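I opened my notebook for a first look around this structure. Come along while I jot down what I looked up.

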Amino acid sequence: MLNENNYRRHSFSFEVFPPKQSTSFERIKEVTDSLLDLKPDFVSVTYGAGGTAKDNRTVEVCKLIADNGKSKPVAHLTCVGSQKEEIDEILHSLNKIGVNDILALRGDKNPNVTKKGDFEHASDLIYYIKSKMGDKFNVLAACYPAGHNESPSQKQDIINLKKKVDSGVSGLITQMFFDNEEFYRFRDLADIAGIEVPIQAGIMPITNTRQIERIISLSGASMPKELTKLIAKYGQNDNAMFDAGTSFAVEQIVELLSSDISGIHLYTMNNPAVAVRIFNCVKGLLTY
């Protein structure tokens with residue numbers, strides 16, 4: 001999956017998020033430069049708040065990565081509440097700057113917004129891109145080891161995931177998880193369902209306690225006892241929590257790579273220091 005580093009057995013990639021419109025662009029350039037020096041297989045850029053290609057900084061950050069030349073950008077694209085014309089505009093802007101890899105997502109529903117778009121699910125967006133653009137775009141999709149928090153069951157979530165894959169997905173990236181057994185169970189279920197595309201494990205290092213509540217609400221992931229103990233012991237000391245959180249993530253990644261997974265996608269929270277430390281600890285396991 002996007003792995004052009006032919007000396008690697010497993011892919012390794014990062015996620016960053018674009019700055020707000022009111023924020024300087026210089027910081028994200030520093031972040032991406034540091035990450036790109038590690039030569040990841042790709043860097044994904046979360047979907048900005050702007051409603052059009054003109055004011056959506058996802059496109060700008062993708063161009064920054066593409067212009068650097070050391071790795072590929074993957075543009076997140078959400079579709080909830082969007083019209084086909086809006087999606088067409090962003091696809092055109094991405095194609096114009098040579099960005100042809102997309103992580104297709106539904107996006108979070110806003111209960112305060114009644115706007116009805118042309119896309120109900122991520123599978124609708126995937127089908128639309130592949131049917132209209134053909135092979136012009138390589139499309140990835142998200143998956144959820146603990147099951148999507150809106151799905152009535154994990155079985156139904158796997159059925160929905162198979163639908164996404166059949167719509168034209170070339171690879172999957174998981175939502176963050178902290179218990180590897182949760183990932184292994186999910187991978188087995190996907191295999192039974194006939195999902196054969198590579199699945200890249202999404203890892204979120206917890207480096208401060210302010211992240212935790214939002215992380216759990218977004219991912220639905222369970223917290224293993226070992227991580228809960230680390231948080232209780234070091235959570236009030238930022239430096240100690242940084243060290244403990246990155247060490248936990250390293251141990252998690254080492255075990256995953258030893259289990260011959262397709263790759264790791266690291267949620268960096270725009271903190272290159274975390275990414276550099278973790279990458280340097282596991283890089284020996286990425287090679288043949």
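**Starting at one strand residue**

I began with Ile199, which is found in strand β7; strands (E, at least two residues) and helices (H or I, at least four residues) are DSSP runs, numbered from the N terminus. This is a predicted model, where local features need pLDDT of at least 70, side-chain atom pairs count only at pLDDT 80 or more, and totals for chains, interfaces and linings use all residues. Residues are numbered from 1 along each chain as its sequence is written, and side-chain values use heavy atoms, with hydrogens and water left out.

Is Ile199 buried or exposed? I noted 8% relative accessibility, so Ile199 counts as buried (buried is under 20% relative accessible area, exposed over 50%, partly exposed in between, with a 1.4 Å probe and protein chains only).

Next I listed its contacts (heavy atoms within 4.5 Å). Leaving aside neighbours within four places in sequence, Ile199 touches Cys143, Leu172, Thr174, Phe183, Phe186, Ala190, Ser262 and Gly263.

**Helix α6**

Just after α6, Gly194 has a positive phi of about 85 degrees.

**Helix α9**

I then turned to α9, whose buried residues pack against α6 (180-192), β7 (199-203), α8 (225-234), β8 (263-267) and α10 (272-286). Asn237 caps its N-terminal end, with a side-chain oxygen 3.1 Å from the backbone nitrogen of Asn239. Just after α9, Asp260 takes a positive phi of about 60 degrees.

**α8 beside α9**

How do α8 and α9 pack? I read an angle of about 170 degrees, with the axes 9 Å apart (axes are lines fitted to C-alpha atoms, for helices over the stretch in contact, and angles run from 0 to 180 degrees between N-to-C directions). The two helices are therefore roughly antiparallel, a label for angles over 145 degrees. Glu226, Leu227, Leu230, Ile231 and Tyr234 of α8 meet Ala240, Met241, Ala244 and Phe248 of α9.

Notes:
Polar contact = N/O pair within 3.5 Å; in protein donor to acceptor, adjacent residues only side chain to side chain. Parallel < 35°, antiparallel > 145°, perpendicular 65-115°, else oblique.
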